[in-house]
Amino acid sequence: RAKALGMGVEWLEDGGVKTILGPRTLTRVFPGRKGRRMWFNTLVGMHGKELSSATVADGAEIPASFVQRCEEIIEEESIQFRWRKGDIVILDNLATLHGRRPSLPPRRVLVATCK
């Protein structure tokens, strides 16, 4: 499955597994998107994390200032809304960078995905 998704796999001594992606570009053009280039990566969320080894294509470390500017742009472009009972959200996973702010318990997640 990992290979089909374009990932390499490295088995660890403790029996765990490390998945390896890349090199990948920061953006991607998806079929049916009129050639629009879209941000498609986990650079901001994973940079500097122990489980991530995101680097520049030549293996150099990604400058923290670059990641910080990407975080700023994401924040500038973010839309937030207050959920009310009965609200739902439908989004195009290939056209919308999505996430959530931390929430207080109890938190109930109901998700359906489709093609």
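Trainee: Is Ala60 buried, partly exposed or exposed?
Mentor: Bear in mind that this is a predicted model, where local features need pLDDT of at least 70, side-chain atom pairs count only at pLDDT 80 or more, and totals for chains, interfaces and linings use all residues. Residues are numbered from 1 along each chain as its sequence is written, and side-chain values use heavy atoms, with hydrogens and water left out. Buried means under 20% relative accessible area, exposed over 50%, and partly exposed in between (1.4 Å probe, protein chains only). Ala60 has a relative accessible area of 36%, so it is partly exposed.

Trainee: How far apart are the C-alpha atoms of Ala60 and Ser103?
Mentor: Along the chain, these two are 43 residues apart.

Trainee: What about Asn41: which residues does it touch beyond four places in sequence?
Mentor: Asn41 is in the loop between strand S4 (37-39) and H1, and at 23% relative accessible area it is partly exposed. Thr25 lies 16 residues away along the chain, with a C-alpha separation of 7.8 Å from Asn41. Setting aside residues up to four places away, Asn41 touches Thr25 and Leu26.

Trainee: And which residues is Ile74 in contact with, leaving aside neighbours within four places?
Mentor: Ile74 is part of helix H2 and is partly exposed, since its relative accessible area is 26%. His98 is 24 residues on in sequence from Ile74, or 10.0 Å C-alpha to C-alpha. With those sequence neighbours left out, the contacts of Ile74 are Val44 and Leu97.

Trainee: Zooming out, what pattern do the helices and strands follow along the sequence?
Mentor: The protein chain has two helices and four strands. Reading along the sequence, you get β-β-β-β-α-α.

Trainee: What is the radius of gyration of the protein chain?
Mentor: It's taken over C-alpha atoms, and the globule rule is 2.2 Å times the number of residues to the power 0.38. A compact globule of 115 residues would come out near 13 Å, but this chain has 17 Å.

Trainee: What share of the residues counts as buried?
Mentor: For context, residues 24 or more positions apart make up 23% of the contacts with a separation of 6 or more. Out of the 115 residues in the protein chain, the buried share is 7%.

Trainee: Which residues does the UniProt domain annotation cover?
Mentor: UniProt positions use the numbering here, feature names are shortened, and annotations may be inferred rather than shown by experiment. The record is an unreviewed entry, and its annotation "domain: TauD/TfdA-like" covers residues 55-112.

Key:
Contact means heavy atoms within 4.5 Å.
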